[in-house]
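This briefing presents selected features of one protein model. Please examine the sequence and the structure before reading the points that follow.

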Amino acid sequence: MYRIFPTNIIDTIFTIITAIQLYLLGARYVLKEIHRKLSSKVRKLSSHEPDIPDDLTNYVAVVTGGSRGIGLSAAKDLYRRGCIVIVTSSASSQMERDKMAEEARESVKPTVNSGNILVWPIDFREMSSVFDFVARFNKEYGYLDILINNAGVMFVDKNVTTDGFEYHYQINYLSHVLLTWLLLPALNKANKKGPARVVNVS
């Protein structure tokens, strides 16, 4: 003999199924709206031109880790626009640093011929090296328009710097914080054509 479900149970099941259907329908609508709005924002961002002037004459930039990769590309683009770009390098040989600067300059066709690429030594494993770099910069320039903190290391054997910090922590973070802090007075004296910029590459 078959047991027939009471009417109230059937009504309850029907109500639950209807609620689930309505919920899924609403969720689908919400997801479509989110997708539409995100797509619109992505289109706006992709069509947005970066607010970097084509002529960076008299601008000074510091790019850490600019001997290759993202840093080198950024340094070349700034130089192309007429900016004086100081690239940091851990290379101890002046001849090696001069060669790096020359190769970078020769690989770019500048649109404004007022720029230059210089390679200065800095060792982010030693905070004293950061102090020396900033002292030299303040003596030779005194103002800074663009600072790109790009240098960093990965998968280095666990070790401790002479300052007593773990390698990754000091090179990728502490020394760059120190560099930025020491360069704040120069950044505050930036070229009056626009505010100074600090870009942190992570």
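Y29, V30, L31, I34 and L38 form a nonpolar surface patch with about 510 Å² of accessible area together. The model is predicted, so local features need pLDDT of at least 70 and side-chain atom pairs pLDDT 80 or more, while totals for chains, interfaces and linings use all residues. Residues are numbered from 1 along each chain as its sequence is written, and side-chain values use heavy atoms, without hydrogens and water.

**Surface patch**
- A patch of this kind joins nonpolar side chains (Val, Leu, Ile, Met, Phe, Trp, Tyr) within 5 Å, from residues with over 30% relative accessible area and no salt bridge.
- Accessible areas come from the Shrake-Rupley method with a 1.4 Å probe.
- V30 belongs to helix 1 (residues 7-47); helices are DSSP runs of H or I with at least four residues, numbered from the N terminus.
- V30 is partly exposed at 44% relative accessible area, where buried means under 20%, exposed over 50% and partly exposed in between.

**Salt bridges**
- The structure holds four salt bridges, each a side-chain nitrogen of Lys or Arg within 4 Å of a carboxyl oxygen of Asp or Glu.
- R125 pairs with D123, their closest N and O atoms being 2.9 Å apart; R125 is partly exposed at 36%, whereas D123 is buried at 17%.
- E140 pairs with R136 at 3.1 Å between the closest N and O atoms, and the two are four residues apart in helix 4 (residues 127-140), about one helical turn.
- Salt bridges with shared partners join D77, R80 and R81 into one network.

Terms used: Patches are made of residues with over 30% relative accessible area and no salt bridge: like charges are joined within 9 Å, nonpolar side chains (Val, Leu, Ile, Met, Phe, Trp, Tyr) within 5 Å. Buried means under 20% relative accessible area, exposed over 50%, partly exposed in between (1.4 Å probe, protein chains only).
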